Amino acid sequence: MMARIGRAASAVTAVALLAIALPVVANSYVVGVCFTLLVWIALTESWIVISGMTGYISLGHVVFVGVGAYVAALTWLALPIWLILPLAGLTAAALAMLVGYPCLRVRGPYFVILTFGLSELVKYIVVNIESALTVSGRVLFGAPGVETLYLIALALAWVSVILALIVRESRFGAALRAIRENEEAAETIGVAIGKFKAAAFVLSSIVPGMVGALLIMRSTYFEPLEAFNPQTSVLIVTMAVIGGSDRPFGPMLGVVFLVLLQELLWTNLPQLYMIVVGALLVAVVIWLPGGIYGRIQRMATAAAR
Amino acid sequence: MSTQLLIAALVAGSVYALIALGLNLVYGTMRLINVAHGEVVMIGAYVAYWGISLLSVGPLISAFAAMPVAMALGAAIYFGIFRRAMQSAEFMERIEGNSLLVFFGVSVILQNVASLLFTPNQRGYRYQDEIVHVIGATVPVNKLIVLAIAAAVCVAAVLFFRRSTLGLAIKALMQQREASALVGIPLTHIELASLCLGFATAALAGVLVSMTEEISPFMGFPLTVTAFVVVILGGLGNVLGSLIGGLILGVLETFGVALTGPSYRSIMIYAVFIAVLLLRPQGLLGAGRSRT
């Protein structure tokens, strides 16, 4: 088991180390695209820790991004960046801890719509707080340039992938997958399901919180409807499902595919992009269960025989 | 308790009940979690809007165009997506979760197609908006029309499930799928009929909503959420429960907004939604089904 993590982790680390050099060799457009790519990798890999492993599909992952962004907007210039980022992650984790245990008692499709409702609830609470403070949007002055943000995104994506790898291959991950396959059976053989699910939920919330802080440093603007935009949750789920959400490498395929598609369509036809995203989600669930990665693996197994 | 608020609560409640009815029907017969239900409402609303602004046809007549459009959409979704998928064991094993994702995709598609075709702007039209006095309250006529139609359809639905053959067959399918196949109920036909009926009532609700509120391509999701609150309040697969659930939510929302203010409306609906899911996922009335 350790050897398997070791090999995959060193491959990921090697790629990440090489990618540090990117801002030196590429122009800022390419760095910007890669920043987006890394942000989505960080988000989807964190999502699979809870949803890919346990089968509790969260359609409200954006809530952690939004909370992280809000923390960063509130503490901007009051604190240094190297403090804002972990604080954003910790706040998201605190929220996950608060809501995780009660929410994860609700199962199946009810959990899915519950997470969506929760992220909308938090969004409207922040909207109301901001309007009570008579603030409409906050501008962040003096945010670092895209090269610095790229390096932070790289670090977050690396952490997220390594975390997903470790969770997947550990006893903890085995317990989570046992919950996915049969929760009653898992409980009967002694898996502390409540604790394990809550722990996975909290683990999956930290990176999105930090990503949220990072994203508003990039846009230099905080607006609750944008920071908590449910579209982010939709994209996370679609990317993970298209790629195949069971293994850490699956979602990366989905991310690369959708980010490239976004580069092509977003500026001119944002609606068309979302239509394609919706159609892909339908098509994969119906015709390609297991996603692209699952299909490749199946073909590889068939070829090896 | 003022009559003004009570009438407002009844109007909201009867529309919620009507929307929830279709959602409940589709879930009850096929175990499909239709999160695109609100988008069907949106489509109905746009049919009414274009009917009155392009053809000067009143919304009550447009309703007879909106319902077939929605039924055609339902049939297309049934034949295009679910009929084959529902024969695969892998899909059926997690039908609730899978159908939720599929319908989520459908909802994203419908929202963005509407936004592409009709622009994302809010639209509205004036229809029967003169004020009348009813038992001490001042109410616009359109709200009374909405109330009358929504309430009539809800009552008709209850009778439909008690008296008509199709209604009884649908109910049988909800309660005992295998047994109803054994006694000769044609499952495919009934499933298709329920999906189409569910979509048609949603489109009708959309026509009614457009008479009193502004519409937009993204109006659907909050309505889906309220419909889920109602269905969960009333119990999944329980038609009469939906009606009572709708009224409860209408009262809660109207009086809640009156006490706090309109900016708290979304917070309140989502808070009720979360509280219901956390505290009483099996519904307030009637036994729910197993939720695995």
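In the predicted model, residues 286-292 of chain B have a pLDDT that stays under 50, and for this stretch the model has 16 contacts beyond four places in sequence. For chain B as a whole, the mean pLDDT is 86, with 96% of the residues at 70 or more. Among the helices of chain B, α2 (residues 37-54) has a mean of 94, where confidence in the chain is highest, whereas α4 (residues 89-93) has a mean of 79, where confidence is lowest. For the complex, the predictor gives a pTM of 0.87 and an ipTM of 0.86.

Chain A contains 15 helices and 2 strands. Its radius of gyration is 19 Å, which agrees with the value near 19 Å that a compact globule would have with 305 residues. Along the principal axes, the C-alpha atoms of chain A fill a box of roughly 60 × 45 × 40 Å. Of the 305 residues in chain A, 51% are buried. Contacts in chain A between residues at least 6 apart in sequence join residues at least 24 apart in 81% of cases.

Between the two chains, 31 residues of chain A are in contact with 34 residues of chain B. On the side of chain A that touches chain B, at least two residues each come from α6 (108-132), α12 (230-243) and α14 (270-287) of chain A. The helix α6(A) gives the most to this side, with 14 residues. By class, the side of chain A that touches chain B comprises 23 nonpolar, 6 polar and 2 charged residues.

Key
Residues numbered from 1 in each chain as written. Chains lettered and ligands numbered in written order. Predicted model: local features only at pLDDT ≥ 70, side-chain atom pairs only at ≥ 80, totals over all residues. Contact = placed C-beta atoms within 7 Å. Helix = DSSP H or I, 4+ residues; strand = E, 2+ residues; numbered from the N terminus. Nonpolar A, V, L, I, M, F, W, Y, C, P; charged D, E, K, R; others polar. pLDDT = per-residue confidence, 0-100. Rg over C-alpha atoms; globule rule 2.2 N^0.38 Å. Buried ≥ 20, exposed ≤ 12 C-beta atoms within 10 Å, placed from the backbone.
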